[in-house]
Amino acid sequence: MRISDERILVLDFGSQYAQLIARRVREQQVYCEIVRHNISAERIRELAPKGLILSGGPASVYEQGAPKCDPDIFRLGIPVLGICYGMQLACQAMGAQIESATRREYGRAHCRVTSPGQLLAGVSNETQVWMSHGDQVTAIAEDFEPLAETDTCPFAAVKHKSEPVYGLQFHPEVTHTPEGATILGNFVTTVCGCSRLWKLEDFARQTIEEIRDRVGDRRVICGLSGGVDSSVVAALLARAIGDQLSCILVDHGLLRKGEAEAVITEFTGHFKTDLHVVQGEDRFLSVLAGETNPQEKRRKIGHTFIECFADEAAKIEGAEFLAQGTLYPDVIESGGLEDGPAATIKLHHNVGGLPEDLDFQLIEPLRDLFKDEVRALGTELGLPDDIVWRHPFPGPGLAVRCLGEVTKRRLDTIREADAIMIEEIKAADLYRKTSQAFVVLLPVQSVGVMGDARTYEDVVALRCIETEDFMTADWSHLPYELLAKMSTRIINEVQGVNRVVYDVSSKPPATIEWE
Ligand code: XMP
């Protein structure tokens, strides 16, 4: 049996939280997948999940065209937990009344547990929950019983009297519901009977066996970028097939300070892989010479990257497979899954990806994992924290942080300033709390004074953000002392910089990168 055979399905009704629900279930060590909301009861029977969670969603159950589920799913005998919109659907399907609340309820609410049952066992009698809804269940059919209430919501949690169908008007998956994990844990274990099989050490073991079976004695190529995803893929393959793995690192000269060296040390020193480093700095710099348009920079870099990669791959004899670090969110959002939700519109700037016609069979061992699971797996495989917790870095690298023309001198300026910024953020123990921190070199010069002389030099902007999903982000409220220290050090230590500014824009309307 595979550890993913015991699973919970989340039916996605368009909630911004569908992926979060799935992550929270997996934190309970139960495998969880997201499927489209109108998946048929027949298909669910085939997939044989241990439980179903109906997500929230932006619609009202009474709206024309509101997404509905197959009503037969409530008669499969499989436990169901409806959250918010999902609760209203479940209750409506089973005879309850739903009404628009007189006002939208949004935010923290005080919840009283009146009859915990299996779902709310272990939850405090008085607990805080996070509400976000317009409609609510106003009268439950005789078949339901209330489990909890708030001042404005008499049915904050309900249970069907004879079927294993539950509803929560609040969101147990968000951190603003502090006892939400207990509730989800109760649902997946006590109600659904899952035995917590989803453990990353078992995932590693199982995936390694599967890779060995599939690859046999053939050769696999893996591109390394320095980021966590490709490093974890390479580490997994190194464990699985040892010297049948060849890695390619295209050093385009647009990496951060010491990054290429760190990857080389890790993958030749520690993992002892056959690592091919393509020294592409000159080639990329000449392709980028004079280019100031951000999308053109991306296009040129993407194009040159593929050429470098393909040239190097062609030198590796007998390679039949290409390993890639595709993650579960990429797979869901691309809409390519048989039972998964439709594609979501996402700004796709990843031109650093490889084309499909490279004539390799793909190995994507992280396809089922969320980012936090990839990090945990990296640690499990023995990768150092420095790689596992590295902030994301765009494929086109520092070129899109070098506003205006990309030259070696300007890149070196960013590299030096960036290294100081990261060093200070780490020293302040804020690296993990922040999601991305970096330096941008502006295409203007500013007046300053050093000693007795007037200077006219570069300006750098510091960008540091916090985010869950990189779709929205807030600028980090870094302590003034830390900002002061970074600024002083950068101006003193990085030649040619006489001014440092801090970016206080959130996304939206700004983006995380400047280009
Ligand atoms: P934005 O700037 O769109 O960034 O708010 C969101 C996330 O995507 C990263 N990013 C990129 N990643 N190629 C990539 O692989 C790119 O061209 C690119 N542009 C932005 C950005 O660093 C952030 O994590």
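Predicted model: local features only at pLDDT ≥ 70, side-chain atom pairs only at ≥ 80, totals over all residues.
Residues are numbered from 1 along each chain as its sequence is written, and side-chain values use heavy atoms, with hydrogens and water left out.

Let us begin with the cavity (on a 1 Å grid over the protein atoms alone, a set of points where a 1.4 Å probe fits but cannot get out; lining residues have an atom within 4 Å of a point). The structure holds one cavity of 30 Å³ or more, where a volume is the space filled by probe spheres set on the grid points, joined across faces, edges and corners. Among the residues lining the largest cavity are C111, V113, L120, F170 and I183. Strands β5 (97–113) and β6 (126–139) each supply at least two residues of this lining; strands are DSSP runs of E with at least two residues, helices are runs of H or I with at least four, and both are numbered from the N terminus. By class, the lining has nine nonpolar, one polar and no charged residues. Here Ala, Val, Leu, Ile, Met, Phe, Trp, Tyr, Cys and Pro count as nonpolar, Asp, Glu, Lys and Arg as charged, and the others, Gly among them, as polar.

Now find helix α11 (residues 371–380). Helix α5 (residues 200–215) packs with α11 at an angle of about 75°, their axes 9 Å apart; axes are lines fitted to C-alpha atoms, for helices over the stretch in contact, and angles run from 0 to 180 degrees between N-to-C directions. That makes α5 roughly perpendicular to α11, as angles of 65 to 115 degrees count as roughly perpendicular, under 35 as roughly parallel, over 145 as roughly antiparallel and the rest as oblique. Contact means heavy atoms within 4.5 Å, and L200, E201, F203 and A204 in α5 meet E373, A376, L377 and E380 in α11.

Helix α6 (residues 228–241) also packs with α11, at about 45° and with axes 10 Å apart, so α6 and α11 are oblique to each other. V228, D229, V232 and L236 in α6 meet residues of α11 including L377.

Finally, turn to α8 (residues 281–288) and α9 (residues 294–315), which pack at about 150° with their axes 10 Å apart. These two helices are therefore roughly antiparallel to each other.

Note on methods:
1 Å grid on protein atoms, 1.4 Å probe; cavity = no way out; pocket = protein on both sides within 12 Å on 5 of 7 lines; lining within 4 Å.
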